Amino acid sequence: MGSINASDVKVVKADGLTYFTPANNAGVAITEDINSVPTLFRPLKIRDVTLKHRIVVSPMCMYSAEPDPKSPAFGALTDYHIAHLGHLALKGASLIIIEAQAVQPNGRISPNDAGLWDHDTNSAQFVGLKRLVDFAHAQGAKVAVQLAHAGRKASVSPPWVAAEQGVRSLRAESSQFGWPENVVAPTGGPDMVWSGGGAEDKQYHVPRTLSTDEVKDVVKAFAASAATAVKAGVDVVEIHGAHGYLVHQFLSPVTNKRTDQYGGSFENRTRIVREIASAIREAVPSGVPLFLRVSATEWLEGTDVAKESGSWDPESTIKLAKELPSLGVDLIDVSSGANHKDQKIDPHTSYQIDLAARVRKELHESGVHNLLVGAVGLVTTSSQAKDIVEGADSYPGIIKDEAQAAESLVSGSEPKADAVFVARQFLRDPAWVLNVAKELGVKVSVPHQFHRAL
């Protein structure tokens, strides 16, 4: 063995930071044959972005932003968010989706939510986002923003504040920096107050109906926020169309009673998704991936409310999903529920994974292979994560021929999803990516500073 020349040993500084730290890229499978490792740890290329593996950090609201509109830090991400999400980047996450960022001030869930409506590159919102993105990139992670509007679920206190009062949700009044007079919905009025039932009844504000022009302003706001996010270095944009927030409220006949072009028929109720997706695609470079999170079902099938008005169900989701590639959407992020108190959910381990699997299977059976599917919900173990994506192809649209696709469906070998979205498990175990790799026997890279712990 030859001697080591000290002059040949270098520490590579991470790009994009004003301070020194080594460039890291944890979580990458170390192998000469990537096909020898489980699909979970194989790269996934979406447009111009390549994820180093298939484990994605799902967005999680932290309720930790400045609530005072008079403060220059209003709605901005802070060092807290760098510590929280940056640690997940350091520990090997492939893509980190930042918590819901409101496209308009009244689109926040709580006064303490983050926003991205200030498009000045000197603003605290832009600077805070860019600092987080730069740090995550220095650790080898990609970053997405989830752009959102809470609609009728807006202007509530952080959940731990409500818990102190013995309820799940608690209205935020003007004295708590809330905006009770400007909570909006596709259809407003007392009958449209969100309620989870029981003790939290009447813990939300009465929404007002958005005018047609205001709906168009919401569409423009999504596009403007997407453009600002990309300018700050964000790699991926996700539209939040799930969980009873504004876009979901438009999709569902339960909450959308409009008589203009945004209400009534399936085509009209889904118009806002088509317009937002198209506006974002025009506002960002063609290489930026676009995701859409949906509630694949409201879990209202068979209920009185569904019998009366219909509901948003798996069939509706699949019908919409088939249109998404033509709108420039690359991945559908499949969640569920949260739009009506009468929802009937049996939250077993795979309840949402099964929804994702159904969406993916029916897309492929109908010949739609260029829309990826993300699965989320109660994923806590390495075996779960591995099985969800096992056999999924690396590139959208470049997959098995039709005969092979049909054979895999019959044999039951078709993957349930193309990527795994994980949230709460990362709160329990920030090193979950590295621990999953160890449990699956996959050798992966670790942060340079952590080598002594190997």
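I start with a definition: buried means under 20% relative accessible area, exposed means over 50%, and partly exposed is in between, with a 1.4 Å probe and protein chains only. Helices (H or I, at least four residues) and strands (E, at least two) are DSSP runs, numbered from the N terminus. This is a predicted model, where local features need pLDDT of at least 70 and side-chain atom pairs count only at pLDDT 80 or more, while totals for chains, interfaces and linings use all residues. Residues are numbered from 1 along each chain as its sequence is written, and side-chain values use heavy atoms, with hydrogens and water left out.

First, helix 4. The expected span of a helix is 1.5 Å times one less than its number of residues. Helix 4 covers residues 212-231, and its 20 residues should therefore span 28 Å; the C-alpha atoms at its ends are 29 Å apart, which agrees. After the helix comes Gly233, with a positive phi near 105°.

Which residues of helix 4 are buried? They are Val215, Val218, Val219, Ala221, Phe222, Ala223, Ser225, Ala226, Thr228, Ala229 and Val230. For the spacing, recall that an α-helix has 3.6 residues a turn, so residues three or four places apart point the same way. The cover over the buried residues of helix 4 includes helix 2 (124-138), strand 5 (142-148), strand 8 (236-241), helix 5 (246-251) and helix 7 (271-283). Contact, here and below, means heavy atoms within 4.5 Å.

Now the pair of helix 4 and helix 7. Axes are lines fitted to C-alpha atoms, for helices over the stretch in contact, and angles run from 0 to 180 degrees between N-to-C directions. On that basis helix 4 and helix 7 pack at about 35°, and their axes are 8 Å apart. A crossing is left-handed if the near helix is turned anticlockwise from the far one by less than a right angle, and right-handed if clockwise; the crossing of helix 4 and helix 7 is right-handed. On the helix 4 side the residues are Val215, Val219, Phe222, Ala223, Ala226 and Ala227, and they meet Ile272, Glu275, Ile276, Ala279, Ile280 and Ala283 of helix 7. By class, this contact has 11 nonpolar, no polar and one charged residues. The classes are: Ala, Val, Leu, Ile, Met, Phe, Trp, Tyr, Cys and Pro nonpolar; Asp, Glu, Lys and Arg charged; the others, Gly among them, polar.

Helix 7 itself has 13 residues and reaches 18 Å from first to last C-alpha, close to the 18 Å expected. Its buried residues are Ile272, Val273, Arg274, Ile276, Ala277, Ala279, Ile280 and Arg281. Among the elements that cover them are helix 4, strand 8, helix 6 (266-269), strand 9 (290-295) and helix 9 (314-321).

Next, some loop residues. Asp113 lies in the loop between strand 4 (95-102) and helix 2, and with a relative accessible area of 2% it is buried. What does Asp113 touch, leaving aside neighbours within four places in sequence? Asp113 is in contact with Tyr63, Ala65, Gly75 and Arg108. A polar atom of the Asp113 side chain lies 2.9 Å from the backbone nitrogen of Ile109. That falls under polar contact: a pair of N or O atoms within 3.5 Å, where within protein one must be able to donate a hydrogen and the other to accept it, and residues adjacent in sequence count only if both atoms are side-chain atoms. Asp113 and Met62 are 51 residues apart in sequence and 7.5 Å apart, C-alpha to C-alpha.

Asn112 is in the loop between strand 4 and helix 2, and at 19% relative accessibility it counts as buried.

Two residues other than glycine have positive phi: Tyr63, near 50°, and Ser155, near 60°. Tyr63 is in the loop between strand 3 (55-57) and helix 1 (79-90) and is buried at 16%. Ser155 is in the loop between strand 5 and helix 3 (159-164) and is buried at 0%.

Last, His448. This residue is in the segment after helix 14 (432-439) and is partly exposed, at 48%. Not counting residues up to four places away in sequence, His448 touches Pro22, Ala23 and Asn24.
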